[in-house]
Amino acid sequence: MADPLPLCYLNGGYLPLQEARISPLDRGFLYADGVYEVMPVYGGRPFRFSAHAERLTRSLGALRMEDPHNAAEWRAILGNLIERNGGGDQYVYWQVTRGVQHGRTHAPLPDIPRTVFAFCAPLPPIGSELLASGVACITAEDTRWARCDVKSVALLANVLLRQESIDAGAAETILLRDGELTEASASAVHVVVGREVLTPPNSRHILPGTTRSVVEEMATRAALPWRSAAVSAAQLRDADEIWLSAATREVQPVTRLDGRAVGSGRPGPRWRAVYEQLQHYKHELAGTPW
């Protein structure tokens with residue numbers, strides 16, 4: 001990943017990222033008591049802002065926190081940050097923690113000012129080699145906590161699972177819980193069985209992905225049938241195609257799983273159709289209000 005862009009937002013102000021300081025007594029630091037979002041930006045235009053903002057508010061509610069900003073305020077904060085960092089293709093990360101508590105007490109949850117932080121970084125390019133050859137993945141048991149539907153900053157399990165794929169020379173770790181697919185360490189997973197695109201239904205074990213929803217819309221545009229349905233480990237391993245989707249990945253083809261070819265071992269035609277529809281869709285949105 002490229003280095004972050006120089007300016008960040010912290011508690012009401014814009015400043016150089018290297019100068020940003022947060023108290024060590026922040027509950028986000030001590031307890032991972034906070035949530036976050038990552039949103040792609042194409043040509044200076046945020047992509048699916050409303051969906052990301054709504055998910056942030058929903059995640060905060062699960063942690064018994066009110067969102068410190070309404071949608072219009074977030075739109076102004078993030079739009080200004082993106083513009084100050086030069087626009088173009090980037091992604092913006094923003095998080096809210098419960099704030100700084102002078103002491104360390106698990107409960108009751110304190111009523112204190114929230115800590116709000118955001119920064120930007122260049123959007124990772126999707127290279128020609130990836131488009132031509134796809135990516136390799138491994139599988140692992142899903143060892144994360146029981147509220148994966150909350151986009152919490154408590155990501156240690158995800159980090160360790162992602163490291164397993166790095167150690168194996170792979171791009172991602174696809175997760176199984178009780179013999180069924182959930183998602184990957186930092187991506188949603190779509191499985192093509194026959195002509196149908198299957199994605200596990202949302203639950204407490206799965207983050208309701210904004211990019212996942214986009215992929216489903218693009219499948220409709222490509223006249224591909226899709227549905228939310230449980231996917232067994234056997235269906236995953238025998239799939240005709242497997243895709244990853246995430247804010248900074250768009251939709252990527254998985255061509256090897258645990259050292260074995262997926263389908264033909266090359267990016268499949270259904271992935272190609274969805275990927276091309278997504279590129280057309282991004283072009284349609286260019287220059288429109290967000």
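# Exercises on a predicted chain

Of the 290 residues of the chain, 50% count as buried.

**Exercise 1. Find how many helices and strands the chain has, and decide how compact the chain is.**

Solution. Begin with the elements: the chain holds eight helices and 15 strands. Next, take the radius of gyration, which is 19 Å. The globule rule gives 19 Å for 290 residues, and the chain's value is close to that, so the chain is as compact as a globular protein of that length. For the extent, look along the principal axes, where the C-alpha trace spans about 55 × 45 × 30 Å. Finally, turn to contacts with a separation of 6 or more: 71% of them come from residues 24 or more positions apart.

**Exercise 2. Locate strand β7 and work out which strands pair with β7, and in what sense.**

Solution. Strand β7 covers residues 135-141. Check its cover first: five of its seven residues are buried, which leaves the strand mostly covered. Now look for partners. One is strand β14 (residues 250-257), which pairs with β7 in the parallel sense over three bridges. Within that pairing, V135 has V254 of β14 as its bridge partner. Another partner is strand β8 (residues 172-177), which runs parallel to β7 and is joined to it by five bridges. Here I138 is bridged to T173 of β8.

**Exercise 3. Classify the ring pair of Y9 and Y14, and say whether each residue is buried or partly exposed.**

Solution. A pair of aromatic rings is described by the distance of the centres and the angle of the planes. The structure holds nine aromatic pairs. For Y9 and Y14, the centres lie 5.2 Å apart and the planes stand at 65°. Planes over 60 degrees apart count as edge-to-face, so the pair of Y9 and Y14 is edge-to-face. Then compare accessibility with the cut-off: buried means under 20%. Y9 has a relative accessible area of 6%, so Y9 is buried. Y14, at 23%, is partly exposed.

**Exercise 4. Find which residues form an aromatic cluster, and which charged residues sit over rings.**

Solution. The cluster is made of Y36, Y93, F117 and F119. For the charges, go to F47: R48 lies over the face of this ring, 5.9 Å from the ring centre. Then go to Y42, where the charged end of K282 sits over the ring at 4.2 Å from its centre.

Definitions and conventions
Residues are numbered from 1 along each chain as its sequence is written. This is a predicted model: local features need pLDDT of at least 70, side-chain atom pairs count only at pLDDT 80 or more; totals for chains, interfaces and linings use all residues. Side-chain values use heavy atoms; hydrogens and water are left out. Rings of Phe, Tyr and Trp (its six-membered ring) pair if their centres lie within 6.5 Å; planes under 30 degrees apart count as stacked, over 60 as edge-to-face and the rest as tilted. Buried means under 20% relative accessible area, exposed over 50%, partly exposed in between (1.4 Å probe, protein chains only). A charge sits over a ring if NZ of Lys or CZ of Arg is within 6 Å of the ring centre and within 35 degrees of the ring normal. Helices (H or I, at least four residues) and strands (E, at least two) are DSSP runs, numbered from the N terminus. The radius of gyration is taken over C-alpha atoms; the globule rule is 2.2 Å times the number of residues to the power 0.38. Contact means heavy atoms within 4.5 Å. Two strands pair if DSSP finds at least two bridges between them.
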